[in-house]
Structures are given as structure tokens and as C-alpha cells.
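The sequence and the coordinates are shown first.

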Amino acid sequence: MNIKENIERIRADFPILKRTMSGYPLDYLDSCATALKPQPVIDEVVRYYTYLGANAQRGDYEMSSQVDFALDAARKTVMKFINASRKEEIVFTSGTTESLNMLALMITNQLLEPGDAILTAETEHASSILPWQQAGYDKKIPVNFIEVDQDGRITAENVAAAFEKFPNTKVVMFAQVSNVLGFTAPIKEIAKIAHEHGALMVVDGAQSVAHQVIDVQDMDCDFFCFSGHKLCGPSGEGVLYGKFDLLEKLHPIFYGGESNARFSRSCESLILKRTPFKYESGTMPIEGILGMAVAMRYLQSIGLNDIHAYEWELKQYFLKRAEAELKDKVKVYNPKSEGGIITFNVFDKGQLIFPQDLASFLSSKGIAVRSGQHCAKLMGEILGVPGTVRASIYFYNTYEDIDRLVDALKEATVEKCLDIFF
Ligand SMILES: Cc1ncc(COP(=O)(O)O)c(C=O)c1O
């Protein structure tokens, strides 16, 4: 779809865009934190509560089997969305963080030995680094870091070099798209290197899945994790994709209702349900999963490639205006990254405007951005600043949204930003 030509129609799908913030029309530039929800997704959540209502996988009545049917259809939608080879490779979770924690615990406890190691990058999100550090602590399985290049990119060459340095690496873990700098990691090449060294490839897809076509088979990753809320779905649900044989080999870390087929007093008697149900103990976030599937179909109707191209176009527009009008005032840390993430700081006569103060100033003008360390706390050391401001663009943003941001940045001074508080 030509997004620029259809932007008014697209925006009409998002009822929240009619609200104001601080008395101004909402200029939402924080879609990396969470994406806004279109009406079809909201309708699907309401449909579950007003029509379907029952729990899943446990009822023997019609309404309950309708829920089972709807969940199965949602699983197939997810399978197609990321091009998994079968629906059993899709495990529903509460989101990226839970998926990554599950993986870190399962792999560390069941597949790794003391002395094995994990490889990642300092640019990664806390949800990618901490689960492995914590899971591996007692077993003495360290998390090692590759060198990123001077722009902050993860490169296949640096991953290969890291295998020389850390030959005991058994798991390679990267975000496909960095949530701070927005660079896309060459996952396919990295997965090849990882597999040549007998290591597993885990991908954090939280920031890629909503912005580009995902093909887990082409990437040949072993696991791929993401959240529904970042792709216009409800919050509280997400996915752990795993290659079927690996999901079959591992056993869950959570136990409870609906993941077991049979158990008795003795621990050994437990028989789990088949993959993926053995990983889905307890009541699933049903309305969220159904809403996520609708969100996926909605994004496909717009076109993931068109979304990516439009975000890039708006980012270039920002960079052009910033270069012409804010050259001495704004430092952009990721002009070269591919998507719609702009990470920057603003200086007033050479003095850094504290990112949170700037975000509050922008909020007073109806502009929502993220500020601080963006959950990537090791990144500050790389950029050499205590924090940054992140504007993240999505397909419902407009050229006017960017104009408003640039105009507000022109106006920002240390004094005005502090005036918000005092
Ligand atoms: C790269 C990355 N990984 C993981 C997460 C965690 O996602 P969630 O909070 O939905 O679990 C985020 C969220 O911002 C992210 O950007």
C-alpha cells in the first residue's frame, strides 16, 4: 500500500490518534516502546469478551471449542507471519521477556555444561542479557560480548572473531533490530557462523517483527522471540518460536494445568502434552493472542515492506531538516541505521539538555518520545553519554509529526526544559 497516499485512512483506524496530550493533538513517536492499536484489534478483544468468553483447551461445550478453534487459527496466522514450517513451532507466552527467560533457563539447565559460554553484544536490551547472566551464574556459564563496529553495528566478522576469542560459545543471542540504534543485525550470516561452531542461534525479534518481513526459515535461527504489543496487538502476549526438534528435545520450566496429559503422586509419572502445549501451562492471554493475530493480518494488509520504506522516508526527512536547521544543536547517534528509530541528544550552546528534561518539554507540546537508557544500560558506555532521546516512527506517523518534533527541538533550551518542572 502507498502509505503516504493513504495516511488519513490509516490514521482513521487508530482511535487513540484523536486524543490530545498536554492540550495538543497527539504526536506519538514512541512506537518502539509499544505500538498504538487499530480498531480491528480492539474489536477482536471486545469480540472475545462479548461473544467467545470461555477458557481454552479445557471445555467440552460449543463456546469453548470455538475458543480452541480461534486460538488454533491464531497459531496458524503467527506461523505464516514469521514463515515457521509448522504451527507446532509457535509457543504462546506473555511476550519477548518471558520467551527469553524461558529459553535462558531451559537451555542453560538442560543443554549447557560449566565452562560453556553465551555470546551477545553490549548494545542489547536487558531482557536479552540478564536472563542468561542469571541463569548461568551458578553453573559458571558466562555471557561474553562481541565488539561492535564504530557505528554500533553487530557484524558477522566481529561474531566470527568472537568465536576465536571465546571458543566455548554454545549460544549466540542478538536482537534482529537494536532498540536503541535501530541497526539490523545480519542474522542469517551470524546463524551460519553459530551453526558451523555448533552453537544455537537465539534471536530477539521485539523490534524487527513489526517493521520488516520475517522469515525464520531463511534466517535459519533456532529460536525467535517477540511481543504482540509492539506490532499493534494487545499487551500481555507474545511468541517463542523454536525449531520443532529443539522444542521436542527441551522440557518446560513452567508446569501446571493444561500442559500435562497425566500425572499421579510420583514425580516420574508426569506425561506432558505434545509440543507446543507442553510449554503453555495455565490460562493463556486468549484475547491478546486473538488480537495479535488480527494485528498481524492488519500489518500484512498495509505491507511490511511498505511500512519499512515509509519509516525510512520519514527518518530521512527528519535528518534533512535537522542537518539544515539544527546542525549545532542536535546530535543524532544513528543516522545510518535502516529503520525509523532516531536516537539523539540536544545541546543548548554546547550544554547537554538532560534527555528526560527534553522529553518532558516535548510532552508539554503533545510529543511522546522515550528518554534515558532504553533498557540497554551498557549502551551509554559505548555512546559516551548518560542517556539519549529516542523518537521511533511507525506507519501512522506523518510528515507533520516530524515537523512538530523539529520545531519543538529548535525551541528547546536548558532553561525551558527545566521550566517544565519548576
Ligand atoms: C530489543 C528488545 N528486546 C526485548 C524487549 C522486551 O519486550 P517486552 O517488554 O515486550 O517483553 C524490548 C522492549 O522494548 C526490546 O526493545
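Helix α3, spanning residues 62-82 of this predicted model, has 21 residues and reaches 31 Å from its first C-alpha to its last, close to the 30 Å expected at 1.5 Å a residue. Its buried residues are Val67, Leu71, Ala74, Arg75, Thr77, Val78, Phe81 and Ile82, and because these cover an arc of only 160 degrees around the axis, they lie on the same side of α3. Glu62, Phe69 and Ala73, on the other side of α3, are exposed. An α-helix has 3.6 residues a turn, so residues three or four places apart point the same way. The cover over the buried residues of α3 includes α2, β4 (90-93), α8 (216-219), β9 (223-227), β10 (238-242) and α10 (286-302). Just after α3, asparagine 83 adopts a positive phi of about 55 degrees.

In α7 (residues 187-196), the residues Ile187, Ile190, Ala191 and Ala194 are buried, and their arc of only 100 degrees around the axis puts them on the same side of α7. Among the elements that cover these buried residues of α7 are α6 (156-165), β7 (169-175), β8 (200-204) and α8. Glycine 198, which follows α7, has a positive phi near 75 degrees.

Helix α14 (residues 399-411) has 13 residues, which should span 18 Å at 1.5 Å a residue, and its end C-alpha atoms are 19 Å apart, in agreement with that expectation. Within α14, Asp401, Ile402, Leu405, Ala408 and Leu409 are buried; they cover an arc of only 130 degrees around the axis and therefore fall on the same side of α14. On the other side of α14, Glu400 and Glu411 are exposed.

| α3 | Val67, Leu71, Ala74, Arg75, Thr77, Val78, Phe81, Ile82 | 160 degrees |

Helix α2 (residues 39-52) holds glutamate 44, which counts as buried because it has 26 C-beta neighbours inside 10 Å. Leaving aside residues up to four places away in sequence, glutamate 44 touches Leu290, Gly291 and Val294. Glutamate 44 and alanine 295 are 251 residues apart in sequence, yet their C-alpha atoms are 9.5 Å apart in space.

At the level of the whole chain, the division is into domain 1 (7-30 + 303-419) and domain 2 (42-301), with 30 Å between their centres, taken over C-alpha atoms. Their contact takes 21 residues from domain 1 and 20 residues from domain 2. On the side of domain 1 that touches domain 2, the elements giving two or more residues are α11 (304-325), β14 (341-348) and α13 (379-383), and α11 gives the largest share, five residues. By class, that side of domain 1 has nine nonpolar, seven polar and five charged residues.

The shell around the ligand consists of Gly95, Thr96, Thr97, His125, Ser127, Ser128, Ala175, Asn179, Asp204, Ala206, Gln207 and Ser227. Both α4 (96-111) and α5 (126-136) supply at least two residues of this shell. The shell divides into two nonpolar, nine polar and one charged residues.

Conventions. Residues numbered from 1 in each chain as written. Predicted model: local features only at pLDDT ≥ 70, side-chain atom pairs only at ≥ 80, totals over all residues. Domains from an automatic or database assignment. Contact = placed C-beta atoms within 7 Å. Helix = DSSP H or I, 4+ residues; strand = E, 2+ residues; numbered from the N terminus. Nonpolar A, V, L, I, M, F, W, Y, C, P; charged D, E, K, R; others polar. Near = placed C-beta within 6 Å. Expected span 1.5 Å × (residues − 1). Buried ≥ 20, exposed ≤ 12 C-beta atoms within 10 Å, placed from the backbone. Arc of directions from axis to C-beta.
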